[in-house]
Amino acid sequence: MITLLIFLAVLSLLIVVHEFGHFLAARLTGVRVEKFSLGFGTNLLKKKKGHTEYSISAIPLGGYVKLAGDNLEEYKGKPYEYLSKPISKRFYIIFCGPLLNYVLGFLFFWLIFFVGYPSFTTKVGGLLDGYGAKKAGLQIGDKITAIDGQKVAFWEELQKVIQEKNESNNVNLTILRDSKEFNVSVAIRETKLDDQLGSKRKVGLLGITPFDEIVKVRHGFFESFVLSLEKTWFLTEMTYKGLWRMVTGKLSVRDSVTGPLGIFDITSKAAKVGLIAILQLVAVLSISLGIFNLLPLPVLDGGHIFLLGIEKIRGKYLGVKAERVLSQTGFVLIISLALFVTYNDIMRMFGEKIVKFFK
């Protein structure tokens, strides 16, 4: 039950922030907002304030903002209607939804870096046969304090430095053992690992595993800002690369896309780790949602932006019939995608049990 509540809170936050972006941009550009809904289906709670009805609906897997005159069938030519505004303002209204998701992700990463997050220290917890660390005489409990004179305090720093080395390099490790420091030369062994995009890449390894010693890593206010920018950019770059690899068939869509069930499973795991893990999950999901919504697909914000581009070229609105066809196509596409990712999530989470049941 607690996991379900956290999941619904995370989902609601992402939706509210996204729709608030549309809402705020509409209000700033003089477009009347008729409805702001969290969820779909039957209204559970609703309240009207001014021209806007605010509601919470029964199905919490989405939300929407209804703008006055946002389609040709309802458009009456009033100055407060969406279609009365120039293309630049309509683009602004559409774009601000994904933009606020993107900003939320950035702010959460900034907060995580500033308040601190858990990380393993550089203490050696295990030694692998056939690798340089064991051959060089390292022992469990040794702490690596520097690599070739470069100070390291956390496991992620150590990994980053070592993985960039190759077999032609021997690294000089500064080791702390029994309160005494000494240096030792360790050979790097290269191996091929799958990266986050399913590609093979060569990385250098020492042949050690981390000790069960965790500390909180904290950064200064402005340093956290820079780290958040880097993290946000990295995630954006990886997402677009991943999308391109899926389009070109180099990355499996089945293994790379998840839906509400998968997110619920990830949320349950994050909840067991703690608040920082939940904040990181929200940051990643929020940025991903912003990027996904900008894809040029019908119904999504990117699809609406694409149609604005067509309108700019044509010099006039699309017809009512074209709007209907695109809306229906988009609805079918989204439902098909939802069914596909839900099926994937079920098979990923319960596939083995289902196979055993039918056997």
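Thr-209 lies in strand β11. Strands here are DSSP runs of E with at least two residues, helices are runs of H or I with at least four, and both are numbered from the N terminus. The model is a predicted one, in which local features need pLDDT of at least 70 and side-chain atom pairs count only at pLDDT 80 or more, while totals for chains, interfaces and linings use all residues. Residues are numbered from 1 along each chain as its sequence is written, and side-chain values use heavy atoms, with hydrogens and water left out.

Thr-209 counts as partly exposed because its relative accessibility is 31%. Buried means under 20% relative accessible area, exposed means over 50%, and partly exposed lies in between (1.4 Å probe, protein chains only). Leaving aside residues up to four places away in sequence, Thr-209 touches Lys-123, Val-124, Gly-125, Gly-126, Leu-128 and Trp-155. A contact requires heavy atoms within 4.5 Å. Ile-140 is 69 residues from Thr-209 along the chain, yet their C-alpha atoms are separated by 9.4 Å.

The protein as a whole has 10 helices and 12 strands. Its C-alpha atoms fill a box of roughly 80 × 60 × 45 Å along the principal axes. Of its 359 residues, 37% are buried. Among contacts with a separation of 6 or more, 64% join residues 24 or more positions apart.

Strand β11 also contributes to a pocket. Together with α4 and β10 (200–205), β11 (208–210) is one of the elements that each supply at least two residues to the lining of the second largest pocket. This pocket holds about 180 Å³ of space. Its lining comprises 14 residues, and the closest to the centre are Trp-155, Gln-159, Leu-205, Leu-206 and Ile-208. On a 1 Å grid over the protein atoms alone, a pocket is an open set of points with protein on both sides within 12 Å along at least five of seven lines, where a 1.4 Å probe fits; lining residues have an atom within 4 Å of a point. The volume is the space filled by probe spheres set on the points. Helix α4 gives the largest share of the lining, five residues. By class, nine lining residues are nonpolar, five are polar and none is charged.

Helix α4 leads on to a sheet. Four strands form this open sheet in the order β6-β5-β7-β8, with antiparallel pairing. Because β6 (150–151) and β8 (180–187) are at the edges with a single partner strand each, one side of each has no neighbour in the sheet. Helix α4 (residues 155–163) packs on the sheet and touches β5, β6 and β7 (170–177); its direction makes about 50 degrees with that of β5. Such angles run from 0 to 180 degrees between N-to-C directions of axes fitted to C-alpha atoms. Strand β5 (residues 143–147) is joined to β6 by two bridges. Two strands pair if DSSP finds at least two bridges between them. Ala-146 has Lys-151 in β6 as its bridge partner.

A further pairing involves β3. This strand and β12 (residues 214–217) run antiparallel over four bridges. Pro-118 stands opposite Lys-216 in β12. Ser-119 counts as buried because its relative accessibility is 7%. Beyond four places in sequence, Ser-119 touches Phe-154, Trp-155, Glu-156, Glu-213, Ile-214, Val-215 and Val-217.

Methods. Nonpolar A, V, L, I, M, F, W, Y, C, P; charged D, E, K, R; others polar.
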